[in-house]
Amino acid sequence: DCSGLNGTLVLHDGIKSLGDGAFSSCSFQGELQLPTDITKIPEWCFTGNNFSYIKEFPEGLLEIGDYAFCYNSRLMGHIELPKSLVKLGDSAFEMCSNLEGVTIPKDLAIIRPRVFSECYGINTFICEADEPPFVQPGGLDGIPKDNFVLEVPEKSINRYQSDPDWGEFKRIGAHYDFSISRRQ
């Protein structure tokens, strides 16, 4: 609750862990840069701020705790959750009303309650999982399901369409990854 800390929050790469609620309600308004070595963003860690952008999530991030980023109404852009992520907590991005897009990694098996509640600005949603992740009650509430195409693996379109929760999206189509790797 350190109000008046306007600006960017840069957490250097030597940081290995963060505490529950560490930066809750601190009024940050710029970019958030996370340390590359953390594996967990704990509960309430960044709730109630006004970050406009999260630079990127660390490649080894395993867990985003309950309410970790909720009430960041200025958070914009497309959030690509890391491929390593195995837990996305309840209400993790609730009330991030300007969030424009989300990519759910292949191995995230459960969409917990209210994760994207009142995220009405989402206009791109990509789910890389072959099997539709299990959606707990309210897990997809707040996403405008009739305004855009839910992008999923081409071979999985029928599975998503027949799933009672994912089937609520009016349009489901194939996602194609056009990224280029420069590794040899």
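Let's start with strand β12 (residues 149-152), which is joined to strand β13 (residues 171-174) by four bridges, the two running parallel. Helices (H or I, at least four residues) and strands (E, at least two) are DSSP runs, numbered from the N terminus, and two strands pair if DSSP finds at least two bridges between them. Between β12 and β13 the chain passes through helix α1 (residues 157-162), making a right-handed β-α-β crossover. Right-handed here means that, with the strands pointing away from the viewer, the path from the first strand over the helix to the second runs clockwise. Within the pairing, Val-149 has Arg-171 of β13 as its bridge partner.

A word on the model before going on. This is a predicted model, in which local features need pLDDT of at least 70 and side-chain atom pairs count only at pLDDT 80 or more, while totals for chains, interfaces and linings use all residues. Residues are numbered from 1 along each chain as its sequence is written, and side-chain values use heavy atoms, with hydrogens and water left out.

Strand β12 also runs parallel to strand β10 (residues 124-127), with two bridges between them; here Ile-126 is partnered with Glu-151 of β12. Buried means under 20% relative accessible area, exposed over 50%, and partly exposed in between (1.4 Å probe, protein chains only).

What does the largest nonpolar core look like? It has 50 residues, and among those with the most contacts inside it are Phe-93, Phe-116 and Phe-125. β8, β10, β12 and α1 each supply at least two residues of this core. Such a core is a set of buried Ala, Val, Leu, Ile, Met, Phe, Trp, Tyr and Cys residues joined through side-chain atoms within 4.5 Å.

Val-102 lies in strand β8 (residues 101-104) and is buried, at 1% relative accessible area. Beyond four places in sequence, Val-102 touches residues including Leu-81, Phe-116 and Ile-126, where contact means heavy atoms within 4.5 Å. Phe-93, counted in the same way, has contacts that include Cys-70 and Cys-119.
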